[in-house]
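This report describes a protein model in plain terms. Look at the sequence and the structure first, then read on.

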Amino acid sequence: LKRAGAAITLVALLTLGLVLVGLRLLPAPAPVPQLVAAASQRDAGDLVLATSDILLRHDRSGAEQETLVLRELGFTGKLAGLVWENPETLLLLADNSAGGNLYRCQLQQRQCRLLADESGPLQASAVTVIRSSGRLILADSSRSLLSLHDARGRRLASSERPLPARPILRARDGLLLLNSAEGPGISVLRYETRAFGQQLDEILLLPPAALAAGFAATRDFAWSGDHWWATLEHPESGAAAVFRFDALWNTLGEVELPAGHNPDALVPWGKRMLMLDRTRRQLLRFSAQGEPGLPLASPHLQRLADSHAQTLGLREYLGEAALTLLALLALAGGSFTFWQHLRQRVFAADRHRSAPVLAKRADDIFWLPPRRQRPGHFTALLRRLGMQQQYIGVLGNSLILVDHRGVYHVGHGIELQQHPRFLRAEEVIVYTGTRR
């Protein structure tokens, strides 16, 4: 029993160690996808939210309509940006830097294809659509290049100029607006074929609060609700704030954001403005006057977040339950082993080791006295083996034999085998001497 308890303890401890190692090596559940881009149609008001792998379509009220997996549409890579081209077509930018990254996706046909010109697939850091003609304007910051393309992708004109690492293009009122590569400004350019890229003006965005905070770069800007909105940022710390301007770019004031929000993109949605923070699953919503509204959340992402939380909770609960059970088993095994050790010592001291059934009747046992004429060499042998000379006893109709280890064996009737010189009970043979 003592060995069994020790074995149980050892197995429990080994299993406990394996469980701890397994919990560390077990891969974490897939993280909840984060929003990386959003875009709305100017007229219909339909809204698309996007993670790096899926598109989430919403109607003008914000109700979710459908979920599209980009891989199933033929889009490769991770999504970096998107723009509506028309009510059923999106232009998507992948994050890869080679082999072309601009896709045209037909939502009804569930198909995405790379756009290309005569030199090959198109590469862009940003894209915007001229609504009146359907032409495309691309900005490639890696080559410091602006280019004008027709709807099929054929290049019509290009212009080299310094571009920020994350260019923002807005076509409005016959002009192309581009965030400046140097300072918190907006470059005003022409986009006609013959004069493409010629600069007409440079608008500096210098709200007093932005100057005081050291905001020296324009992260994003957009028109919504008869006003311009712009996100100005600190080029080193990454801190940012959103400001509103009138149609002539006169400062109207700073938009108050919840603590901890750092908007990556401004998304016009009718006369409202949405702000996307890639570290959060909800978009902030503001009225045309800059008043905050209820955040816009995707039910699909919320379900994924709830499932992720449940998986983590269940895994933690099962891990803690397994560890607790194994710890209790190890404790029980160790306690049982120690208890058996104490019992063994008690029985050894009372000459009844390994004989718990005899413990209460030890005084009733009649021990056969050793015969005086027993040969001396046999008595010496018994002593060398650690045996007492009283090794045959009688208790009622049972015979008790004691082996060389002091372990008691009890038997009666057919359990006993007799020989002229030996008695056998179970596997123990005790010498009884001769009649001489």
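L399 stands opposite G411 in strand β30. Strands here are DSSP runs of E with at least two residues, helices are runs of H or I with at least four residues, and both are numbered from the N terminus. The model is predicted, so local features need pLDDT of at least 70 and side-chain atom pairs count only at pLDDT 80 or more, while totals for chains, interfaces and linings use all residues. Residues are numbered from 1 along each chain as its sequence is written, and side-chain values use heavy atoms, with hydrogens and water left out.

L399 belongs to β29, which is joined to β30 (residues 408-411) by four bridges, the two running antiparallel. Two strands pair if DSSP finds at least two bridges between them. β29 also pairs in the antiparallel sense with β28 (residues 392-395), over four bridges. β28 and β29 form a hairpin with two residues between them, and G396 in the turn has a positive phi of about 65 degrees.

Is β29 (residues 398-402) mostly covered or mostly open? Five of its five residues are buried, where buried means under 20% relative accessible area, exposed over 50%, and partly exposed in between (1.4 Å probe, protein chains only). S398, I400 and V402 cover one side, and L399 and L401 the other; all are buried.

## An open sheet

Four strands form an open sheet in the order β19-β20-β21-β22, with antiparallel pairing. Its edge strands are β19 (217-224) and β22 (251-255), each pairing on one side only. β19 and β20 (residues 227-233) run antiparallel and are joined by seven bridges. Within this pairing, F221 stands opposite A230 in β20.

## Aromatic rings

Six aromatic pairs are found in a search of the whole structure. Rings of Phe, Tyr and Trp (its six-membered ring) pair if their centres lie within 6.5 Å; planes under 30 degrees apart count as stacked, over 60 as edge-to-face and the rest as tilted. Two of the pairs are listed here.

| Pair | Centre to centre | Angle between planes | Type |
|---|---|---|---|
| F75 and Y103 | 4.7 Å | 55 degrees | tilted |
| W229 and F286 | 6.4 Å | 55 degrees | tilted |

F75 lies in the loop between α2 (70-73) and β5 (79-86) and Y103 lies in β7 (residues 102-106), so the pair ties together parts that are 28 residues apart in sequence. F75 counts as buried because its relative accessibility is 4%, and Y103 counts as buried at 5%.

W229 in β20 and F286 in β25 (residues 282-286) link distant parts of the chain, 57 residues apart. W229 is buried, with a relative accessible area of 0%, and F286 is buried at 2%.

Ring pairs also link F221, W223, W228, F245 and W249 into a cluster. Two of the rings named above have a charge over the face: R170 lies 6.0 Å from the ring centre of F221, and R244 lies 5.6 Å from that of W229. A charge sits over a ring if NZ of Lys or CZ of Arg is within 6 Å of the ring centre and within 35 degrees of the ring normal.

## The whole protein

The protein has five helices and 33 strands. Of its 436 residues, 43% are buried.
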